[in-house]
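Here is a short tour of one protein chain, written for someone who likes the cut-offs stated alongside the numbers. Please keep the viewer open as you read.

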Amino acid sequence: MRHGKKFNHLGRTASHRKAMLSNMATSLILHKRISTTLAKAKELKKYVEPLITRAKEDSTHNRRIVFSYLQSKEAIKVLFGEVVEKVGERNGGYSRIIKTGFRLGDNAEMCIIELVDFNELMLKDAKPAKKTTRRSRRGSGKAEASNEADTTESTEEKSAE
């Protein structure tokens, strides 16, 4: 019976699936954003987020455990270095999946999976925009200055009389 064995096998053997997820996780950590199918992205999210959580505490034990999943020294350096600096205060939700449409060949649903704090466009939108004031042409500075000069001349003439 297969009770409680419910996860997406992605049409691959166990060894192929493990190697594919390891390679995709390494690419995600190194490049901060990858494009893939929605099913693979959902499985990758489940695979990589516990690794990022483990990387928050930098110890030899945690580095060895993460290395057993990723099999890449460069990815370990980046994960325990710059990735943890950005997401260190987060409690979870380190990645974001953005759907991009359907692939032409087989109509598979495609998406982009990215690390949350590395998207510069989203970070710019999160900051409040500087308030700009609009100036009308009617009330230009020169006209106001000439009106003030006219009123001071007229008050001087009245006081002289």
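## Surface and ground rules

Accessible areas here come from the Shrake-Rupley method with a 1.4 Å probe, and for residues only the protein chains shown count as cover. On that basis the protein exposes about 12,000 Å², with carbon and sulfur atoms supplying 52% of it.

The model is predicted, so local features need pLDDT of at least 70 and side-chain atom pairs count only at pLDDT 80 or more, while totals for chains, interfaces and linings use all residues. Residues are numbered from 1 along each chain as its sequence is written, and side-chain values use heavy atoms, with hydrogens and water left out.

## Overall layout

Helices (H or I, at least four residues) and strands (E, at least two) are DSSP runs, numbered from the N terminus. The protein has six helices and three strands, arranged along the sequence as α-β-α-α-α-β-β-α-α.

A residue is called buried under 20% relative accessible area, exposed over 50%, and partly exposed in between (1.4 Å probe, protein chains only). By that rule, 30% of the 161 residues are buried. Contact means heavy atoms within 4.5 Å. Taking contacts between residues at least 6 apart in sequence, 56% join residues at least 24 apart.

## Helix H1 and the residue after it

The expected span of a helix is 1.5 Å times one less than its number of residues. For the 18 residues of H1 this gives 26 Å, and the end C-alpha atoms are 26 Å apart, which agrees. Which residues of H1 are buried? They are Arg-17, Met-20, Leu-21, Ser-22, Met-24, Ala-25, Thr-26, Leu-28 and Ile-29. The cover over the buried residues of H1 includes E1, H2, H3, H4 and E3.

Just after H1, Lys-32 takes a positive phi of about 70°, although Lys-32 is not a glycine. Most residues other than glycine have a negative phi. Lys-32 lies in the loop between helix H1 (14-31) and E1, and Lys-32 is buried at a relative accessible area of 13%. The charged end of Lys-32 also sits over the ring of Phe-118, 5.2 Å from its centre; the criterion is NZ of Lys or CZ of Arg within 6 Å of the ring centre and within 35 degrees of the ring normal.

## Salt bridges

A salt bridge is a side-chain nitrogen of Lys or Arg within 4 Å of a carboxyl oxygen of Asp or Glu. The structure holds eight of them. One of these joins Glu-114 and Arg-33, at 2.9 Å from N to O. Why does this pair tie together parts that are 81 residues apart in sequence? Glu-114 lies in strand E3 (residues 109-115) and Arg-33 in strand E1 (residues 33-37). Glu-114 is buried at 1% relative accessibility, whereas Arg-33 is partly exposed at 41%. Arg-33, Arg-96 and Glu-114 are linked in a network of salt bridges.

Another bridge runs between Arg-90 and Asp-117, whose closest N and O atoms are 3.1 Å apart. This pair links distant parts of the chain, 27 residues apart: Arg-90 is in the loop between helix H4 (73-87) and strand E2 (95-102), and Asp-117 is in the loop between E3 and helix H5 (120-126). Arg-90 is partly exposed, with a relative accessible area of 27%, while Asp-117 is buried at 12%. Arg-103 and Asp-106 also form a salt bridge, with closest N and O atoms 2.9 Å apart. Arg-103 is partly exposed at 36%, and Asp-106 is partly exposed at 48%.

Rings of Phe, Tyr and Trp (its six-membered ring) pair if their centres lie within 6.5 Å; planes under 30 degrees apart count as stacked, over 60 as edge-to-face and the rest as tilted. The structure holds one aromatic pair. Tyr-47 and Tyr-69 form that pair edge-to-face, 5.8 Å centre to centre with 75° between the planes. Tyr-47 belongs to helix H2 (residues 38-55) and Tyr-69 to helix H3 (residues 60-70), 22 residues apart. Tyr-47 is buried at 16%, but Tyr-69 is partly exposed at 40%.

In the loop between H3 and H4 lies Gln-71, a residue other than glycine with a positive phi near 60°. Gln-71 is exposed, with a relative accessible area of 53%.
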